[in-house]
Structures are given as structure tokens and as C-alpha cells.
Amino acid sequence: MQGWDRWSFRINALELLCTVPNFSVEFDLSSSPYARSTLALGVKYNWQTWHSLPPKLVFNMLEVRPEYRWWFRLPKREGKKNWFSDKAFFAGVYAQAGNFSIKPGTYGIQGPLYGAGASFGLDFPLYSYKKFALDFELGIAAGLLVSGYNAFTISRSGTEYVNVPEKSRKMHLVPYPAFTEIKACFVFRTLSIKEKYTKVDQAKIIEKQEKAEAKALEKEQKAALKAQKKEERAREKEQKAREKEQKAREKEDQTKNEKQEQKDE
């Protein structure tokens, strides 16, 4: 892989539907066709949005997420195609840092957010062009979070937010793992995912070819041996028929001679 073939760019369509602009870039750590490791960096920004009046529903986010991924493919069955044939899977670890402001109802919370966890998913091809490919990615990410937040609500006049100290919390470790991202991404590459992360073992290919050639030779030898045996049986049958015919002639001649001798007597 050379140049831009080692890069990929993503946009999460689900987050766009939630009005969160996002973008991530991924880079292959090696240019070798045996490469499996990548580093990615994602950014989400929907912060300090301006409104003439405070909205009742809030979903604002600022986040930076570095991620390491290991790509792999499931083994294929010889001579058979299955659902996994053109798909590449990844497993990764990530860290995240940023701020959030969420208000789904009467009360909202706002504060910093830090976390780390694991991700898993798959990529598959959508469209391929001469110098460009569009793939699609599905995946999830989950991990532990450290957060602290200030609670707020809308004032009675509806013109500003007011703090609610009794619902606020200091920095703390969230006591349970949480899903931090659902991936439904459009992926832009110069080299489609169907052509990446496909390890080719030349020794195994040669071994496979040798086995196929040996199998074909064995089959050919068996066919030749079978034909030879069939020919031998045909010859034996023909020889037996000749011998039978010869005996019949000899017997006929003997009968004639005996009749002639009797006649002479």
C-alpha cells in the first residue's frame, strides 16, 4: 500500500442525525500488505451553539477520541462464498476526552467526560471507482467513564438556564460500563476494504497448488489404471472367445474325421 492507500476518512451518519458534526481519520501503521494495525483519531463538535432562547432539549458534545485497531478476516471455506467473504473486522481500544451538555427533559447536566474502553465492528464495500472507494462501517464502543457535572434547568421565564446544585455531582467513576458510541459510518478510501488486510501467504499458496497438482495426477493415474484394466479384461475376453472358437473348430474337425473313418470302414 502506497500513499493515500494507507488513509481512510469517516463520517458517522447516526451522529449527524443527532445534529453532532463529526469526522475521523485512520492511518495504517505499515505499508506492507501484511499490515493489520491502524491508528485513528475522531473529533466531534457541537458546542456553544447559539440560540435566541434556551432550547428545551439539549444534546451538545465536544470530544476527541484516539483509537488503536487490529483488523482481521474470518477464514473462508474452500470453493464457497458466504456473508463474511468481502468483510473485514476490527477490534480496538480507545480513549476519549471532552465535554457534554445533555438535557432530555426538565433537568440537564453539563461537564467534562473522560473514558477508555474497547470497540468492535466490521467494514464492507459499497462502491468502487477508479481512484476512489466508498465503504460502510458498523460497530460499537463501550468502556468506563469518569465524569462530573452541573445540573441545570430552564428558568420560569424561559429566558435562561439556572443551576440546580442538589442534582450536581463532583468528578467520579461511573460504576458500570457504558456504550459510548454506535458506529454507522460512511468510509472514504482510495483502496476499497475488500482489497485491504488480505494477508497472502505465498508458502501456503504453493503448498495448495502442489496438493491440487498431486491430486489431479493421482486422479489421472487412477483413470489410466482403470482404462488399462478394462483393456486387459477386454483382451482376456477376446482371447477366451478365440480359444472357445478354436476348440469348437477342433471338435468339429474331429467329428468329421471320425465320420470319415467310419465311412471308409
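Are W71 and F90 buried or exposed? Both W71 and F90 are buried, where buried stands for under 20% relative accessible area, exposed for over 50% and partly exposed for what falls in between (1.4 Å probe, protein chains only). Keep in mind that this is a predicted model, where local features need pLDDT of at least 70 and side-chain atom pairs count only at pLDDT 80 or more, while totals for chains, interfaces and linings use all residues. Residues are numbered from 1 along each chain as its sequence is written, and side-chain values use heavy atoms, with hydrogens and water left out.

**Aromatic pairs**

- Searching the whole structure turns up 14 aromatic pairs; rings of Phe, Tyr and Trp (its six-membered ring) pair if their centres lie within 6.5 Å, and planes under 30 degrees apart are called stacked, over 60 edge-to-face and the rest tilted.
- W4 and F9 have ring centres 6.2 Å apart and planes at 45°, so this pair is tilted.
- W4 is exposed at 56% relative accessible area, whereas F9 is partly exposed at 24%.
- W71 and F90 make another tilted pair, with 5.2 Å from centre to centre and 55° between the planes.
- That pair ties together distant parts of the chain, since W71 is in strand β4 and F90 is in strand β5, 19 residues apart; helices (H or I, at least four residues) and strands (E, at least two) are DSSP runs, numbered from the N terminus.
- W4 and F9 also belong to a cluster that ring pairs build with W7, F23 and F27.

**Charges over rings**

- F90 has R69 over its face, 3.8 Å from the ring centre; the test is NZ of Lys or CZ of Arg within 6 Å of the ring centre and within 35 degrees of the ring normal.
- R65 puts its charged end over the ring of Y94, at 4.4 Å from the centre.

**Cysteines**

- There are zero disulfides in the structure, a disulfide being a pair of cysteine sulfur atoms within 2.5 Å.
- The closest cysteine sulfur to that of C18 is in C185, and at 13 Å it is too far for a bond.
- C18 is partly exposed, with 41% relative accessible area, while C185 is buried at 5%.

**The cavity**

- One cavity of 30 Å³ or more shows up in a search of the whole structure; on a 1 Å grid over the protein atoms alone, a cavity is a set of points where a 1.4 Å probe fits but cannot get out, a pocket is an open set with protein on both sides within 12 Å along at least five of seven lines, and lining residues have an atom within 4 Å of a point.
- The largest cavity has a volume of about 210 Å³, a volume being the space filled by probe spheres set on the grid points.
- It is lined by 21 residues, and S24, G42, R65, E181 and K183 are the closest to its centre.
- Strands β1 (7–12), β2 (22–28), β3 (37–46), β4 and β10 each give two or more residues to this lining.
- The lining of the largest cavity splits into seven nonpolar, four polar and ten charged residues, with Ala, Val, Leu, Ile, Met, Phe, Trp, Tyr, Cys and Pro counted as nonpolar, Asp, Glu, Lys and Arg as charged, and the others, Gly among them, as polar.

**The second largest pocket**

- The second largest pocket holds about 630 Å³ of space.
- M61, I102, L113, F179 and T180 are the closest to its centre out of 28 lining residues.
- β5 is the top contributor to this lining, giving six residues.
- The lining of the second largest pocket has 18 nonpolar, six polar and four charged residues.
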